[in-house]
Amino acid sequence: ARFGGAALAAALLTATQATASLAAPGNPGEPRYSAGAPSLGDPYFPDQGNGGFDVRHYDVTFAYDPATKIMDATTVITAVATQDLDRFDLDFRGPEITSLKVGKHPAAFRRDGQELVITPRPKLKAGETFTVTVAYKGTPPVITDPDESIEGWVPTDDGVFVPGEPQGAPAWLPSNDSPKDKATFTFRATVPEGVTVVGNGRLTSKTTTNAKTTFVWESAEPMATYLATVTLGNFVVAETTTPGGVPVYTAVDPRLVTQSAGAVARIPDILEYFSSVFGPYPFDTAGAIIDRAPDVGYALESQTKPIFSSAPSVGTMAHELAHQWYGDSVSLGRWSDIWLNEGFATYATWLWTEHSGGATAQQTFNSSSNYGRAATSSFWQIVTADPGPEDMFGNVPYNRGAMTLHALRGKIGDTAFFRLVKDWATEHRYGTVSTADFVSAAEKVSGLDLKAFFDVWLHQKGKPTSW
Ligand code: ARG
Ligand code: ZN
């Protein structure tokens, strides 16, 4: 039975009043199928995410040959329906789909831009766990962002560099591409012998037969799709452990080993220092992937394996490692809050610099790339807590974001500030947060009304002069 509007409301009322044995049309126990929403409504990336289900696990099996650039993949998604579904979408911009099943049954599908529209038969009931198996073959695309940088599936001279923030995952992974829907992941990648595949989480097996090597990477902790990577190519691999016992796996392009040595050597110390300030490292493994991808030009905090498109400085390494707490474990619910990722990672780097004998956080705050910028600079004309998709990875969420935290520290004092940032990482571990949540947490820990403070730093344009 199908109802709409007032008729539906009336039927629901009647049905809840009726006894269970009187299964009237519209009884809440009877399925009412509809299509899952094609978007989760983020204004920065309106195609991202889909409604009607929640993904629990992605199992991605693929073969890739850097010589042909052909990916031959089968992804199995395990999800739970959150409504009765007669149709739902995934996000996918990858190559041709050769087969698609929901459970054991082939399902009709069509592609409309990033939307992969699937019609499951039998239909799915709310609460039901189901699988979607998508087979696809071809060359995944490079995605261009609003700020003109590239991501997705980026071929290098010896493999592929795979960054996914904010919208690159659907280049190669049919997914619910929203940081609001985290899941666990398994990658099983087969490549020509000699090529190394580095994914998130732990390497649980590596086997070679007939000149092909299969790497299996498992992520046991929940991860947002944009943090997934399966970067592959020629790498020099090294493994070590932090003083606190976290395994560290690094993969470095052989041409960058010398230049990267300083930053790589500091990984255990940086993780140890951040654990002391922010609480325990949130994942069961750590590491880094340092590759040569000159057209990318940025680094990304891919979960447990931050990726660098060139040899990083120690500061860049610290930035990406700080994101493991702020951004990866504690996730954004909407992209306009990006300062919660970038401001925290930037401020963490200021703290590391001071801790390791460089400039103090106060000196960095005062510098000419921060508070020392002239009041007339265009820097002050972008709103920290809503920079827009073109400036979300520009200076403002990073530097004004970090300045906001330093100013907050001055306002509420060191004891309250350091308790706040540690509690934030602990209480929201693997969770989703907003700027409003942070404001409440800061008010709670300090006992102060901070509305005007955050207004000046986060929501208003112009150089703050008093706060
Ligand atoms: N979150 C990354 C970092 O600062 C930057 C990602 C930039 N991505 C982009 N598409 N511009 O660590
Ligand atoms: Zn960052």
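Tutor: A term to begin with: helices (H or I, at least four residues) and strands (E, at least two) are DSSP runs, numbered from the N terminus. This is a predicted model, where local features need pLDDT of at least 70, side-chain atom pairs count only at pLDDT 80 or more, and totals for chains, interfaces and linings use all residues. Residues are numbered from 1 along each chain as its sequence is written, chains are lettered from A and ligands numbered from 1 in the order in which they are written, and side-chain values use heavy atoms, with hydrogens and water left out.

Student: OK. Where is Val264 found?
Tutor: Val264 is in helix α2, residues 257-265.

Student: And what does Val264 touch?
Tutor: Leaving out residues up to four places away in sequence, Val264 touches Thr250, Val252 and Ile290. Contact means heavy atoms within 4.5 Å.

Student: How far apart are Val264 and Pro222?
Tutor: They are 42 residues apart in sequence, and 26 Å apart in space from C-alpha to C-alpha.

Student: Switching to helices. At what angle do α7 and α8 pack?
Tutor: Helix α7 (residues 395-412) and helix α8 (residues 414-427) pack at about 130°, and their axes are 6 Å apart. That makes α7 oblique to α8. Axes are lines fitted to C-alpha atoms, for helices over the stretch in contact, and angles run from 0 to 180 degrees between N-to-C directions. Angles under 35 degrees count as roughly parallel, over 145 as roughly antiparallel, 65 to 115 as roughly perpendicular and the rest as oblique.

Student: Which residues make the contact between α7 and α8?
Tutor: From α7 there are Leu405, Leu408, Arg409 and Ile412, and from α8 Asp414, Ala416, Phe417, Phe418 and Leu420. They divide into 7 nonpolar, no polar and 2 charged. Ala, Val, Leu, Ile, Met, Phe, Trp, Tyr, Cys and Pro count as nonpolar, Asp, Glu, Lys and Arg as charged, and the others, Gly among them, as polar.

Student: What about α3 and α8, at what angle do they pack?
Tutor: Helix α3 (residues 267-278) packs with α8 at about 105°, with the axes 8 Å apart. The two are therefore roughly perpendicular to each other. Ser276, Val277 and Phe278 of α3 meet Phe418, Val421, Lys422 and Ala425 of α8.

Student: Now the sheets. In what order do the 8 strands of the open sheet come?
Tutor: The order is β6-β5-β9-β3-β2-β14-β17-β16, with mixed pairing. Two strands pair if DSSP finds at least two bridges between them. β6 (105-106) and β16 (202-209) are at the edges with a single partner strand each, so one side of each has no neighbour in the sheet.

Student: How many bridges join β5 to β9?
Tutor: There are 6 bridges between β5 (residues 96-102) and β9 (residues 129-138), and the two strands run antiparallel. Glu96 has Lys137 in β9 as its bridge partner.

Student: And the sheet of 4 strands, in what order?
Tutor: That open sheet runs β1-β4-β8-β7, also with mixed pairing. Its edge strands are β1 (34-35) and β7 (108-112), each pairing on one side only. Strand β4 (residues 85-91) pairs with β8 (residues 115-119) in the antiparallel sense over 4 bridges, and Asp91 stands opposite Glu115 in β8.
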